[in-house]
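Here is a short briefing for a first look. Take the sheet, the helix packing and the DNA surface in turn.

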2 protein chains.
Amino acid sequence: MADQQALACCSPLAARPLDADQAAVVAPMFKALGDPVRLRLLSMIASVPEICVCDLTPAFDLSGPTISHHLKVLREAGLVDSERRGTWVWYQVRPEAIRQLGVLLDLPAVG
Amino acid sequence: MADQQALACCSPLAARPLDADQAAVVAPMFKALGDPVRLRLLSMIASVPEICVCDLTPAFDLSGPTISHHLKVLREAGLVDSERRGTWVWYQVRPEAIRQLGVLLDLPAVG
DNA sequence: ACCCTGTTTCGAAGACTGTCAAGATAGGCG
DNA sequence: CGCCTATCTTGACAGTCTTCGAAACAGGGT
């Protein structure tokens, strides 16, 4: 959440080099996307308004705890939010966070 | 390089969930960006037409071999190209690769 | 031919990651 | 209250990653 603000200052990679502090804020977000399971989880979450863990878990040949761990990584990276409603926990993306990463990769017409 | 083609088929994360094969192709590219040193290296490379390793190394408190290792990761992820010209090796970004990652993160006006 | 500088490869140490089983926690229902 | 299901946390293990120093390789200059 503090990360969100820090990110707001970042312009595309090609504009000027990131300093060490900026890189330290952004890299963990990319790192969270750097696992195929998490990338699929995020894309499943992003493709609907919200989704229950109980709908995510069966899509993988992985244990519940493992899925839970990956969701925690996405949560701590600030890429998704979760909310418990009764028995189930619902996840949704944080569009600003993802959009900010997108902006960073938005190269002008170089090359 | 095969990765480049495979990527070309990917629409934004929110459009529909990635399948396991697509995720396996894209995740390593995000993973390469998931280290602060590599993110800074890439941003330094992206901010100029091309740049020599000899200009990259002194920007970090890391040994030459370590920088070389990170550059190799970026190269193998398809994010940069390198070319030896005489004594020095020059790096430049592969704009298509980076743009494709950007497209993936390009959320429509959700949320 | 020799040496010198720039870059990569190799091999090893320590930290980190993905995964699971087992146990803990949260909430609904009888 | 006690039980059941859904989810998360803990602890452990194997595999991977970051980093370094030492050694190899590439080119240019003397």
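Two strands count as paired if DSSP finds at least two bridges between them. In this predicted model, 2 bridges join β1(B) to β3(B), and these strands run antiparallel.

**The sheet of chain B**
- The sheet is open and has 3 strands, in the order β1-β3-β2, with antiparallel pairing.
- β1 (51–52) and β2 (80–85) of chain B each have a single partner strand and stand at the edges, so one side of each lacks a neighbour in the sheet.
- B:C52 has B:W90 of β3(B) as its bridge partner.
- Helix α3(B) lies across β1, β2 and β3 of chain B, at about 90° to β3(B).

**Helix packing in chain B**
- The axes of α3 (residues 36–46) of chain B and α5(B) come within 10 Å and cross at roughly 70°.
- α3(B) is therefore roughly perpendicular to α5(B).
- On the α3(B) side, the contact is made by B:V37, B:R38, B:L41 and B:L42; α5(B) brings B:H70, B:L71, B:V73 and B:L74.
- The contact residues of these two helices divide into 6 nonpolar, 1 polar and 1 charged.

**The surface near DNA strand C**
- There are 25 residues around DNA strand C, and A:S63, A:T66, A:G86, B:C54 and B:P65 come nearest.
- Two or more residues each come from α5 (64–76) of chain A and from α4 (53–56), α5 (64–76) and β3 (88–93) of chain B.
- α5(B) gives the most to this surface, with 6 residues.

Technical notes. Residues numbered from 1 in each chain as written. Chains lettered and ligands numbered in written order. Predicted model: local features only at pLDDT ≥ 70, side-chain atom pairs only at ≥ 80, totals over all residues. Near = placed C-beta within 6 Å. Helix = DSSP H or I, 4+ residues; strand = E, 2+ residues; numbered from the N terminus. Axes fitted to C-alpha atoms, helices over the stretch in contact; angles between N-to-C directions. Parallel < 35°, antiparallel > 145°, perpendicular 65-115°, else oblique. Contact = placed C-beta atoms within 7 Å. Nonpolar A, V, L, I, M, F, W, Y, C, P; charged D, E, K, R; others polar.
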